[in-house]
Amino acid sequence: MPRSLDPNSRLTMVLACDLDKTPQPKIFAKAPTLNQQRKLIGLMSSLEGGDLGAKFDAIIDAAFSCITGWENIEIPFSKETLGDVLSLDELMEVFTFLISATVPTVDDKKKSESQPS
């Protein structure tokens, strides 16, 4: 089953600024599909120029399509609170993580190899 459809598949990340904290604030997400990855990459590329203010809604929408919650963060998770909790740089860190998180791990590759007959 594709990771994006597996209800038991959950990606967990800790922002670089939180690595030394105890307990660590964690962000949970589902594996993005190709179309979601395309949207994330397009948004990241579009931030290099133009009116950022006009793009904030699209950035929040893209983040909410993948982020499913958080832990050890005092503010309840919702689409409305994403922008109250995470900065633009932190969202870009989350997007980068999500884009690279779909690369199969060594264990994933071993599981997918054909078994000898």
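# Notebook: a chain of helices and strands

**Entry 1: the overall look.** I started with burial: 31% of the chain's 117 residues count as buried. Here buried means under 20% relative accessible area, exposed means over 50%, and partly exposed is in between, using a 1.4 Å probe and protein chains only. I have to remember that this is a predicted model, where local features need pLDDT of at least 70 and side-chain atom pairs count only at pLDDT 80 or more, while totals for chains, interfaces and linings use all residues. Residues are numbered from 1 along each chain as its sequence is written, and side-chain values use heavy atoms, with hydrogens and water left out.

Next I looked up the elements, and the chain has 5 helices and 3 strands. Both are DSSP runs numbered from the N terminus: helices are H or I with at least four residues, strands are E with at least two. Read from the N terminus, the order is β-β-α-α-β-α-α-α.

I also checked the surface, and the accessible area of the chain is about 7,600 Å², with 54% of it belonging to carbon and sulfur atoms. Those areas come from the Shrake-Rupley method with a 1.4 Å probe, and for residues only the protein chains shown count as cover.

Then contacts, meaning heavy atoms within 4.5 Å. Taking contacts between residues at least 6 apart in sequence, 60% join residues at least 24 apart.

**Entry 2: the core.** Which residues touch the most other members of the largest nonpolar core? They are Ile67 and Leu91, in a core of 24 residues. A nonpolar core is a set of buried Ala, Val, Leu, Ile, Met, Phe, Trp, Tyr and Cys residues joined through side-chain atoms within 4.5 Å. I noted the elements that give two or more residues to this core: β1 (11–13), β2 (26–29), α1 (34–46), α2 (52–66), β3 (67–71) and α4 (88–101). The largest share, 6 residues, comes from α4.

Skipping its neighbours within four places in sequence, Leu91 is in contact with Ile59, Ile60, Ala63, Ile67 and Leu86.

Entry 3: I took α4 to begin with. Its 14 residues should span 20 Å at 1.5 Å a residue, and its end C-alpha atoms are 20 Å apart, which agrees. The expected span is 1.5 Å times one less than the number of residues. Buried in α4 are Glu90, Leu91, Met92, Val94, Phe95, Leu98 and Ala101, and these pack against β1, β2, α1, α2, β3 and α3 (79–85).

On to α2: its 15 residues should span 21 Å at 1.5 Å a residue, and the end C-alpha atoms are 21 Å apart, so that agrees. Its buried residues are Lys55, Ile59, Ile60, Ala62, Ala63 and Cys66. They pack against β2, α1, β3, α3 and α4.

For α1 I found 13 residues reaching 18 Å from first C-alpha to last, close to the 18 Å expected at 1.5 Å a residue. A reminder to myself: an α-helix has 3.6 residues a turn, so residues three or four places apart point the same way.

Entry 4: In the loop between β1 and β2 I found Pro23, and the peptide bond from Thr22 to Pro23 is cis, with omega near -10°. Asn72, in the loop between β3 and α3, has phi near 65°, a positive value in a residue other than glycine. I jotted both down because most residues other than glycine have a negative phi, and most peptide bonds are trans. Asn72 is partly exposed at 39% relative accessible area.

Gln24 is also in the loop between β1 and β2, partly exposed at 27%. Leaving out residues up to four places away in sequence, Gln24 touches Val14, Asp18, Leu19, Glu71 and Asn72.

**Entry 5: cysteines.** How many disulfides does a search of the whole structure find? The search finds 0, counting a pair of cysteine sulfur atoms within 2.5 Å as a disulfide. Is Cys66 buried or exposed? Cys66 is buried, at 0% relative accessible area, while Cys17 is partly exposed, at 41%.
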